[in-house]
Amino acid sequence: MALLQIDGSITEENNTKRHHPAFLKAAFRPFFLLGAAFAALSIPAWALSFLGLIEFKFYGGAYAWHLHEMLFGFFPAIMVGFLLTAVQTWTKRKCIEGWWLAALVLTWLLGRITLAFQPAIFRDYIIVIDLLFLPACAVFLARPILQAKMWRNLFFVPILLVMAMMNAVFHYSLSSDSIVDFTAISHAMVILAALVMSIMGGRVFPMFTTNGAKTPRVNSIGWLEQLSILSIVIVFITTLTQNIAPNTLSIAVLFVAGISNIFRALRWRIWVTFQVPLVWSHYSLLL
């Protein structure tokens, strides 16, 4: 059976004997499937609750729960599914599979269940359960990178840890004595998600385009790559400090980030993939 590998090549599935269920052989399998299923189920549930057609006791209220689960529930599942699979290609070392992967998936899933339903048995541990996932992912991601001494890929680890800290601040913002606005944290997390997509996109989109459409690969432009990513980093900082940073600075940086990333994406020539449905899903992320 033909498979699209994480490195962009299309190969035949290895039929060698497995020691674990196929579902737990690579991180993208459970996380992509469950993350998509969670999005498909949670959005209608939230909408029905918002309309008053069903009653849910969402953690923090329906609005806060919706923001949190979109940014700290769905997105990390897809991101981690990619990273914990891709790191094996980068380092040529196993990252996580089998029952360790099952435990990590269960940690993520338990966080979603407890925040949605707040079962009495977990009520005192809801925040702890939710905060465990991203630091655990950072540990599993760091291990093969450190072993292979591939320092250029290590920056994803602090990104995961920053996301974990922002998750903690989000939970704190829901406490009665907090002066932190959880919507501000949500806005910053959206920018951080855009940063991750920009970094990963620059690595995999040109490669998938080349391998899928059988066209020459577009060489990156150094200053454009740096500008595209650095501008988003600055946007992230100005978003966190929106009460301090001048509005003109925030607008200028947003403009630079938007234009540079649009130009960068257009250079990848999305139109050559129109005849290759297998890679459409990757470019849909740009939307």
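Good morning. Please keep in mind throughout that this is a predicted model.

Setting aside neighbours within four places in sequence, phenylalanine 31 is in contact with Ala36, Ala77, Ile78, Val80, Gly81, Leu101, Leu104, Val105, Trp108 and Phe133.

I turn next to a pair of helices. Two packed helices are described by the angle between their axes and by the distance between those axes. For helix H7 (residues 222-240) and helix H8 (residues 247-267), the angle is about 145° and the axes are 8 Å apart. The crossing of H7 and H8 is left-handed. On the H7 side, the residues making the contact include Leu224, Leu227, Ile232 and Val235, and on the H8 side they include Leu249, Val253, Leu254 and Phe263. Taken by class, the contact of H7 with H8 has eleven nonpolar, six polar and three charged residues.

Glutamine 88 is located in H2, which spans residues 62-91. Is glutamine 88 buried or exposed? With a relative accessible area of 17%, glutamine 88 is below the 20% limit and therefore counts as buried. The side chain of glutamine 88 reaches the backbone nitrogen of cysteine 95 at 3.0 Å. Beyond its neighbours within four places in sequence, glutamine 88 is in contact with Arg93, Lys94, Cys95 and Ile96.

Threonine 91 also has its place in helix H2. Threonine 91 counts as buried because its relative accessibility is 4%. A polar atom of the threonine 91 side chain lies 2.7 Å from the backbone oxygen of valine 87. Not counting residues up to four places away in sequence, threonine 91 touches Pro144, Ile145, Ala148 and Met150.

Methionine 150, one of those partners, is in the loop between H4 and H5. The C-alpha atoms of methionine 150 and threonine 91 are separated by 7.1 Å, although the two residues are 59 residues apart along the chain. Methionine 150 is partly exposed, its relative accessible area being 23%. Leaving aside neighbours within four places in sequence, methionine 150 is in contact with Trp90, Thr91 and Ile145.

Finally, a remark on backbone angles. Most residues other than glycine have a negative phi. Lysine 92, in the loop between H2 and H3, has a positive phi of about 60° although it is not a glycine. Lysine 92 is exposed, with a relative accessible area of 69%. Glutamine 118, in the loop between H3 and H4, likewise has a positive phi, of about 45°, and is not a glycine.

That concludes the presentation. Thank you for your attention.

Key
Residues numbered from 1 in each chain as written. Predicted model: local features only at pLDDT ≥ 70, side-chain atom pairs only at ≥ 80, totals over all residues. Heavy atoms only, no water. Helix = DSSP H or I, 4+ residues; strand = E, 2+ residues; numbered from the N terminus. Buried < 20%, exposed > 50% of the residue type's maximum accessible area, 1.4 Å probe, protein only. Polar contact = N/O pair within 3.5 Å; in protein donor to acceptor, adjacent residues only side chain to side chain. Contact = heavy atoms within 4.5 Å. Axes fitted to C-alpha atoms, helices over the stretch in contact; angles between N-to-C directions. Left-handed = near helix turned anticlockwise from the far one by under 90°. Nonpolar A, V, L, I, M, F, W, Y, C, P; charged D, E, K, R; others polar.
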